[in-house]
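Reader: Hello! I am new to this structure and would like to learn how to read it. Could we take it feature by feature?

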Amino acid sequence: MDHPNEDHNRVHFPILSSELTTALGAIEDMADDTDAVPDNVVRGRPPAIFRAGGPMLKQFDESTASSRKGSQAPTPPRSVVGIGNKVAKPDYSEAKIVLAMVGLPARGKSYLSNKLMRYLKWLEYDVQVFNVGQLRRSRAHHKAQQSGILEDHTSSYFSHNNVEATKLREQLAEDSLEMLIRWLKRGGNVAIHDATNSTRMRRAKISARVAKEKGMSVIFLESICNDPAVIAANVALKVSSGDPDYKDLPREVAERDFLRRIKEYETVYETITEPHLSYLRITDVGNEVTLSRINGYLQSRIAFYLMNLHVKPRNIFLSRHGESQFNVEGRIGGDSLLSERGLAYALALPELVRNNIGDAPLIVWTSTLQRTIQTAGELPYPKLTWKSLDELDAGVCDGMTYEEIEQAYPEDFANRDEDKFNYRYRGGESYRDVVVRLEPVIMELERQENILIFGHQAILRCLYAYFHDLPQADLPYINVPLHTVIKLTPKAYGCDEERYTLPIGAVDTHRPKPGSTFLPADVVPASTTKREYFGTNI
């Protein structure tokens, strides 16, 4: 229900920064035929122009497309000295944002904060989540080890009639905020205060404290959930996933106690209505989004990402194209066709996909290059072609073997191995460049349900690193073998993975980082969906 005193505060975009207002004006000019959006609330998903295949994507692809040589391009002349240079990391030192979560327990706050952290880290922002619950459990655990005294953290601890416990919880929230501010001062960009922050008084304290720090701003992110089924699933996850608060308690007892904890918070909960605060309110994870006083590039980027999230069950399948003629020859880049074994992989895919998808809807994405389009050719699903999914552009080295590159440019070849993520081919791209051009793909992936992507080694490494929250330094060396389908299942706190390798031989194109040891291609990483219940700082 809308609050009568916030109509002046809750508006659709006009109070955003001048840069974003200008951009949105251009978008609206491009979409005169789209449905009107209410002035006060952004309902549902962003307009169709943001989606794959829309005019914004087309404009993005045209503006970022680099000239690409054909697959039969000759080796560059020896007169070309050096193949490229290292790309410096963007300077984000001026970005200092405190993002304070707001919401009742089991409303998806930690889900949103962890998704946002993974996205911003993938874009090379320095991000950290400061979870007040983790701090509470860590201190209680430390106290128990030191003194043998066990604290009672059942529902009575969260009652606002429990004066002593209320003071302790307020102190925990303040201590967490101080840790967060110290971390930002040391060079961090976005610090997420993961707590209920459920009263106007608590939010006022946070605003006043952050205001004392030069260059820091605060945004509140309120998560509201009105779906009883989602709340019940969140409660079940809470009590069944190893939460120390409910250790050794029967599940039914733990559920009843956690529901009482929610009731305790409901008695004092105040939704955000303060007209002076910068905030986003997300209802049912994306069904309705309200923005207020969102200013600047990074804040707008955060808002747009959060607007695209949903929690519907889904799978994302990643597969490289079938073995290509250039793979057999050991050449990089190009636009070659599939080899005989690559064609066999394409013919075997329909049965593999059908066995894992069944009758569920599926959309297939490919790059614009022949080898991915050929690989998807036998699949009876809707297909979408993305230029953004084209392989990393090798520039002057397109069509060469690694041996030819090493012989022609020995110093550059060694330098690229030392810092592969940052190294940009002359006339081509670095892995960092690829991450930037894949951002619209990530946005659309977060909007979609079941997707099968046929891509290239560098492209799938970047996407895989996003879903598994892997560091950029390791990204260029992720082993993504040919003739293997990787099934990713996003969960509340990470991503589960399964791999299906078809018994069709293919060359091994993986080049491990010099001097390091990597797992074999058929070894699946450990699940990343486990929730952390204890913090590292107390």
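Author: Gladly! Let us begin with an idea about strands: two strands count as paired if DSSP finds at least two bridges between them. Keep in mind that this is a predicted model.

Reader: Which residue of β14 is the bridge partner of Ser319?

Author: Ser319 is bridged to Val485 in β14. Strand β9 (residues 316-320) and strand β14 (residues 484-491) run antiparallel, and four bridges join them.

Reader: What is the order of the strands in the open sheet?

Author: Reading across, the six strands come as β11-β10-β13-β9-β14-β15, and their pairing is mixed. At the edges are β11 (383-385) and β15 (494-501), each of which pairs on one side only. On average, neighbouring strands of this sheet are turned by 20° against each other, direction ignored.

Reader: Which helix packs on the sheet, touching β9, β10 and β13?

Author: That is α15 (residues 431-447), whose direction makes about 175° with that of β10. Helix α16 (residues 457-468) lies across β9, β13, β14 and β15, and runs at about 150° to β9.

Reader: Now a helix by itself. Which residues of α14 are buried?

Author: Buried here means under 20% relative accessible area. In α14 (residues 410-418), that describes Asp412, Phe413, Arg416 and Asp417.

Methods:
Residues are numbered from 1 along each chain as its sequence is written. This is a predicted model: local features need pLDDT of at least 70, side-chain atom pairs count only at pLDDT 80 or more; totals for chains, interfaces and linings use all residues. Side-chain values use heavy atoms; hydrogens and water are left out. Buried means under 20% relative accessible area, exposed over 50%, partly exposed in between (1.4 Å probe, protein chains only). Helices (H or I, at least four residues) and strands (E, at least two) are DSSP runs, numbered from the N terminus. Axes are lines fitted to C-alpha atoms, for helices over the stretch in contact, and angles run from 0 to 180 degrees between N-to-C directions. Contact means heavy atoms within 4.5 Å.
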